[in-house]
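Take a walk through this structure, one element at a time. Keep the sequence open beside the model.

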Amino acid sequence: MSPAMNAIEPLPLSSGPDAVPAAKPALLSVEGLHSGYGRIPILGGVSLTVGEGEFVGILGHNGMGKTTLLRTLMGYLPVTAGRIRLGGEDIARRSPTARARLGMGFVPQGREIFATLSVRENLRMGCLLSDRDEDETIADILTVFPRLKAYLDRPGGALSGGEQQLLALARCLCGNPRILLLDEPTEGIQPSIIEEIIETLQAIGRARGLTILLVEQNLTFIAGLSERVLILQKGVVTREIPPEIARDRAMIEEFVGME
Amino acid sequence: MDLAGLLTFNVATGIATLVLITLGLGVIYGMMRIINLAHGEFMMLGAYTAVMANGAGVNIWIAMLVLPPLVVGAVGLILERTVIRFLYGRMMDTMLATWGISLGLIGLITTLYGNVVRGVSTPVGSFEIGRYGASLYSLVIIATALAVLTGMFLLLRMTKFGLILRATMQNPRMAAAMGVSPDRIYMATFGLGAALAGLAGGVLAPISGVSPSMGAAYISRAFITVLGGGPAIVTGTGLASSVFGFINELVSFRTTPVIGDVALLVAAILLIRVLPQGITGRYLRRSL
């Protein structure tokens with residue numbers, strides 16, 4: 001993948017309007033982000049960037065601040081210090097609604113699909129952010145997630161955990177987000193669907209130039225998807241695993257094991 | 001036979017009245033878990049709107065059916081923006097605040113129009129069920145109740161706004177991640193609930209004494225019906241109104257209206273004892 005990227009780098013197409021020579025202009029950049037619940041600080045200065053079209057994984061154990069980080073990025077938790085920029089615009093004080101409209105897509109931990117709404121209605125909610133025709137968008141997304149086709153009129157809450165995860169992804173993608181924030185998509189899900197999610201995300205990543213920020217503790221999943229892996233410990237990014245290692249589960253394990 | 005016909009007609013009227021006085025409260029409670037203690041006063045404002053507009057020469061149908069929901073809906077929007085929106089998620093505080101609003105509205109209307117009972121004459125006459133006379137106006141009440149229930153159902157089921165309402169009611173945080181502003185949705189819902197209360201006041205104005213304290217006569221029945229109905233706004237309101245309306249009218253017919261109200265209360269206590277979450281908390285949970 002990266003040689004291919006290098007090959008197209010000099011073309012004016014990829015250089016963007018500000019003509020920065022970098023291969024991947026930062027879509028999301030976070031500087032010194034502090035956040036927490038009430039007076040309890042969880043994030044103590046997280047800095048990271050995610051380039052346009054990049055898949056970045058954040059690895060960390062429970063309680064290290066992964067979910068807090070995504071919830072702060074989405075605007076559910078207040079930023080106590082630091083900056084969040086999306087496409088150059090400072091969004092640290094914006095509401096979740098405003099951030100969603102600016103192109104932040106969020107697939108939360110636990111899926112949080114609308115349980116009594118049908119699968120189709122869940123997808124229609126996802127379509128609110130898209131200016132395309134609703135039926136077309138849904139037909140499109142169903143070609144990516146064919147498994148959901150059979151369940152369109154069932155209540156979302158009646159699906160299995162894995163199917164709900166697919167629905168949550170599909171719902172988010174209906175809104176055509178600029179960046180997808182994924183919070184532990186493998187939690188409590190059967191391995192066959194984990195494979196399916198990896199393949200689906202790789203496929204749409206290629207087809208649509210999707211940008212993803214993923215937090216996980218499942219090594220297989222994070223290695224299968226991420227171009228770069230950051231390690232989050234006690235509320236700060238402690239190190240970055242280089243891309244050649246990030247692609248290999250065994251090597252990440254070794255790398256993390258060295259700590 | 002004639003008697004059975006009259007009784008059926010009265011039961012239908014009783015149910016329709018309950019639907020009308022309950023739906024506005026049910027919308028606000030069902031969507032936002034806010035107990036609006038000013039609901040009765042919203043109805044009172046609707047009734048005053050009808051009386052005043054009719055007195056000023058406005059066509060009686062417009063004065064009863066069109067102006068009250070508009071006026072009271074606007075009042076609801078203003079109160080939501082100035083008071084209620086700061087209190088979401090704090091049930092006790094919203095109860096206190098809406099109780100305060102209710103006292104304030106009673107005081108305001110008493111100051112403006114005096115503590116006297118006014119009325120509007122019913123715009124339609126009566127008809128006969130066999131040997132008995134029945135008020136045609138009851139038909140207006142039944143028709144209005146059917147129309148608001150159907151309208152509410154269609155709004156929730158068929159429109160994009162209804163979809164957004166249902167999603168926001170379930171998970172406002174996730175709705176926000178789809179670009180919905182929960183704040184706006186709550187504002188619209190409160191306005192809608194207030195407008196429905198206003199409509200109820202307007203429609204019931206000709207058959208009730210319109211006075212500043214008239215809301216108190218309706219509020220308890222409305223609450224009981226909302227709690228009995230449970231979370232589904234349309235189905236819950238419809239079913240609970242049917243059960244309570246039926247019992248109330250039947251017992252009132254056999255005894256006196258006071259005993260009828262007692263029977264309604266007893267039925268409500270039994271229902272809540274058996275189904276603490278209301279009818280739609282146990283049955284028909286996926287209904288609207």
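Is strand E8 (residues 211–216) of chain A largely enclosed by the rest of the structure or left open, and how many of its residues are buried? Six of the six are buried, so strand E8 of chain A is largely enclosed by the rest of the structure. Buried means that 20 or more other C-beta atoms lie within 10 Å of the residue's own; exposed means 12 or fewer, partly exposed is in between, and C-beta atoms are placed from the backbone. Helices (H or I, at least four residues) and strands (E, at least two) are DSSP runs, numbered from the N terminus.

Before going on, note that this is a predicted model: local features need pLDDT of at least 70, side-chain atom pairs count only at pLDDT 80 or more, and totals for chains, interfaces and linings use all residues. Residues are numbered from 1 along each chain as its sequence is written, while chains are lettered from A and ligands numbered from 1 in the order in which they are written.

Back to E8(A). Thr211(A), Leu213(A) and Val215(A) point one way from the strand, and Ile212(A), Leu214(A) and Glu216(A) point the other way. All of them are buried.

Now look at the neighbours. Strands pair if DSSP finds at least two bridges between them. Strand E3 (residues 55–59) of chain A pairs with E8(A) in the parallel sense over five bridges. Leu59(A) stands opposite Glu216(A) there. Strand E7 (residues 179–183) of chain A also pairs with E8(A) in the parallel sense, over five bridges. Here Ile179(A) has Thr211(A) as its bridge partner. From E7(A) the chain crosses through helix H7 (residues 191–208) of chain A to E8(A), and this β-α-β crossover is right-handed. Right-handed means that, with the strands pointing away from the viewer, the path from the first strand over the helix to the second runs clockwise.

E3(A) has a further partner. Four bridges join E3(A) to strand E9 (residues 228–233) of chain A, and the two run parallel. Leu59(A) stands opposite Ile231(A) in E9(A). E9(A) then pairs with strand E10 (residues 236–241) of chain A, in the antiparallel sense over five bridges. Leu232(A) stands opposite Val237(A) in E10(A). The hairpin of E9(A) and E10(A) has two residues between the strands, and Lys234(A) takes a positive phi near 45° in this hairpin.

Chain A holds another sheet to trace. Four strands form an open sheet in the order E2-E1-E4-E5 (chain A), with antiparallel pairing. Strand E2 (40–51) and strand E5 (89–90) of chain A stand at the edges with a single partner strand each, so one side of each is left without a neighbour in the sheet. Strand E4 (residues 79–86) of chain A meets E5(A) over two bridges. Leu86(A) stands opposite Glu89(A) in that pairing.

Step back to chain A overall. It contains ten helices and ten strands. Of its 259 residues, 42% are buried.

Next, the interface. In chain A, 20 residues are in contact with 14 residues of chain B. Contact means that the C-beta atoms of two residues, placed from the backbone, lie within 7 Å. Helix H3 (96–101) and helix H4 (119–127) of chain A each supply at least two residues of the side of chain A that touches chain B.

Cross over to chain B. Helix H11 (residues 257–274) of chain B has 18 residues. Its buried residues are Leu264(B), Ala268(B) and Leu271(B). They cover an arc of only 70° around the axis, which puts them on the same side of H11(B). That arc is taken from the directions from the helix axis to the C-beta atoms. The face turned away from the buried side carries exposed residues, including Val258(B), Ile269(B) and Arg273(B). Cover for the buried residues of H11(B) includes helix H9 (216–229) and helix H10 (233–254) of chain B.

Asn248(B) sits in helix H10 of chain B. Asn248(B) is buried, with 26 other C-beta atoms within 10 Å. Not counting residues up to four places away in sequence, Asn248(B) touches Gly14(B), Gly260(B), Asp261(B), Ala263(B) and Leu264(B).

Finish at helix H4 (residues 91–113) of chain B. Its buried residues include Thr94(B), Ile101(B) and Leu105(B). Helix H2 (39–55) and helix H3 (60–82) of chain B are among what covers the buried residues of H4(B). Just after H4(B), Gly114(B) takes a positive phi of about 80°.

Note on methods:
The expected span of a helix is 1.5 Å times one less than its number of residues.
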